[in-house]
Amino acid sequence: MTLVEAPVKTGAKKLYLESYGCAMNFADSEIVAAILAKEGYETTRNSEEASLVLINTCSIRENAEQRVRNRLIHFNGTKKKNPKLMIGILGCMAERLKSQLLEEEKLVDLVVGPDAYRDLPGLIDEISDGRKAVNVLLSREETYAEISPIRLNSNGVTAFISIMRGCDNMCSFCVVPFTRGRERSRDVESIVHEATYLYEQGYREVTLLGQNVDSYRWNISKKGEIADPSKPSVNFAQLLEKVALVNPKLRVRFSTSHPKDMTDDVLHIMAKYDNICKHIHLPVQSGNTDMLQRMNRGYTRGWYQDRIAAIRRIMPTCAISTDIITGFCGETDEEHADTISLMKEVGYEFAYMFKYSERPKTLAERKYEDDIPETLKQSRLEEIIEIQLTNSHRRNRESLGQICEVLVEGHSKKSPDELYGRNSQNAVVVFPKGDQQIGSYANLLITDCTSATLMGQLID
Ligand code: 5AD
Ligand code: SF4
């Protein structure tokens with residue numbers, strides 16, 4: 001399979017594309033930019049000069065949706081001055097709120113769900129005639145496999161590669177299975193091809209993206225059987241190896257792993273290749289088994305601890321990060337205390353922490369009461385943030401005096417004389433730039449740290 005480079009028609013049509021939410025949404029925006037480039041749209045960072053404004057939206061928590069609504073109100077103000085401006089929403093909110101945004105609140109002209117981006121040119125033609133246009137159909141097959149994304153806001157060094165779409169896990173708190181549809185994997189060849197192409201373009205790191213990368217399967221049925229014996233089959237461990245073999249100077253990361261599905265095979269492949277970064281994002285959500293069951297996560301505290309032990313055994317230097325939700329339905333003080341004890345036990349390098357936000361249609365909305373008061377959700381959140389700060393700071397202090405290799409990504413925000421990069425464990429390291437170039441690998445001695453950042457000095 002070949003990747004189709006979008007031939008850009010020259011024209012004055014300007015697209016302003018704003019993205020919210022997860023990395024997957026940002027990767028999708030790059031597909032959208034490629035599809036619309038073929039129609040003569042150039043992206044702009046200035047919404048004032050755009051003829052089309054698209055917002056790629058997120059529904060994961062209520063506040064994400066609120067932010068998008070505020071942006072829509074803002075762009076509708078611009079539309080009063082420029083009535084020809086077309087405004088559309090893409091992504092997860094499209095499916096959820098199509099009629100409300102289109103008909104009741106009249107905030108948008110165009111609503112396009114995550115599996116319907118190929119339809120964008122036709123839908124834009126429709127709205128050019130003053131009509132409204134919608135396509136929120138979810139697909140069982142769409143992976144945009146052969147579309148070569150146009151890299152937006154790129155540093156030219158690191159890029160995302162989407163390897164699968166949708167999710168079949170049905171965690172009880174999560175809206176993703178409803179907004180992004182059924183899980184499907186992308187053609188292995190197109191993934192390896194995209195990684196190779198990126199390397200040739202000067203990129204030095206790719207992050208393989210999926211809601212649950214461990215369930216990647218190509219030519220393998222859901223039950224684990226080979227679908228077509230005449231063709232090669234590929235699981236996630238094998239995919240990871242294929243991408244690692246593209247070039248030893250191309251780093252490989254991936255996100256997100258699921259504790260119930262992460263195999264030792266994946267860990268052994270990670271250990272085998274230096275260019276597969278030693279970092280795993282392994283969302284735990286809660287440290288209590290009863291709570292995990294209410295969350296429908298498919299593992300117990302003990303199972304999760306076993307997966308952590310496997311990572312430590314197979315890759316002693318691997319960093320581990322996580323996601324945690326506080327105040328999910330019925331969370332008792334004891335359950336919360338179990339989350340804290342697990343955090344202390346694992347000593348995560350990094351964690352994303354959230355208050356539970358009830359989402360329509362989810363299992364939790366139908367089955368459980370959202371009964372933890374906001375103030376308690378908040379105080380529990382603050383408590384775990386405090387613990388994580390201590391963990392992060394301790395982990396960073398452990399790096400002092402060590403030497404690590406970073407891939408240089410850009411200039412530090414604070415000074416033009418400093419660069420920053422990431423080490424294999426995904427820690428950000430800032431250092432005086434010397435002769436180092438963006439996109440090169442630098443060996444650094446770690447000399448200082450905060451809870452968020454390491455400071456280093458170049459060594460020969
Ligand atoms: N409320 C709060 N956090 C949520 N997440 C997913 N759904 C919700 C929700 N309803 C968090 C989970 C997930 C991350 C991407 O977002 O921790 O791993
Ligand atoms: Fe949501 Fe669970 Fe799927 Fe992640 S694995 S996207 S939390 S349903």
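This is a predicted model: local features need pLDDT of at least 70, side-chain atom pairs count only at pLDDT 80 or more; totals for chains, interfaces and linings use all residues.
Two packed helices are described by the angle between their axes and the distance between the axes. Helix α6 covers residues 188-200 and helix α7 covers residues 236-244; their axes lie 9 Å apart and meet at an angle of about 30 degrees. Angles under 35 degrees count as roughly parallel, so α6 is roughly parallel to α7. The crossing of the two helices is right-handed. On the α6 side, the contact is made by V188, I191, V192 and A195, and on the α7 side by L239, K242 and V243. By class, six residues of this contact are nonpolar, none is polar and one is charged.

Ligand 1 has around it I60, R61, F173, Q285, D323, I325, F354, K355, Y356, S357 and R359. Among these residues, R61 has a side-chain N or O atom 3.1 Å from an oxygen atom of the ligand. The side chain of Q285 likewise places an N or O atom 2.7 Å from an oxygen atom of ligand 1. With S357 the pair involves the backbone: one of its backbone N or O atoms is 2.7 Å from a nitrogen atom of ligand 1.

Around ligand 2 are C167, N169, M170, C171, F173, C174, V176, P177, Q211, H258 and R297. This shell divides into seven nonpolar residues, three polar and one charged.

Note on methods. Residues are numbered from 1 along each chain as its sequence is written. Chains are lettered from A and ligands numbered from 1 in the order in which they are written. Side-chain values use heavy atoms; hydrogens and water are left out. Axes are lines fitted to C-alpha atoms, for helices over the stretch in contact, and angles run from 0 to 180 degrees between N-to-C directions. Helices (H or I, at least four residues) and strands (E, at least two) are DSSP runs, numbered from the N terminus. Angles under 35 degrees count as roughly parallel, over 145 as roughly antiparallel, 65 to 115 as roughly perpendicular and the rest as oblique. A crossing is left-handed if the near helix is turned anticlockwise from the far one by less than a right angle, and right-handed if clockwise. Contact means heavy atoms within 4.5 Å. Ala, Val, Leu, Ile, Met, Phe, Trp, Tyr, Cys and Pro count as nonpolar, Asp, Glu, Lys and Arg as charged, and the others, Gly among them, as polar. A residue is near a molecule or strand if one of its heavy atoms lies within 4 Å of it. A polar contact is a pair of N or O atoms within 3.5 Å; within protein, one must be able to donate a hydrogen and the other to accept it, and residues adjacent in sequence count only if both atoms are side-chain atoms.
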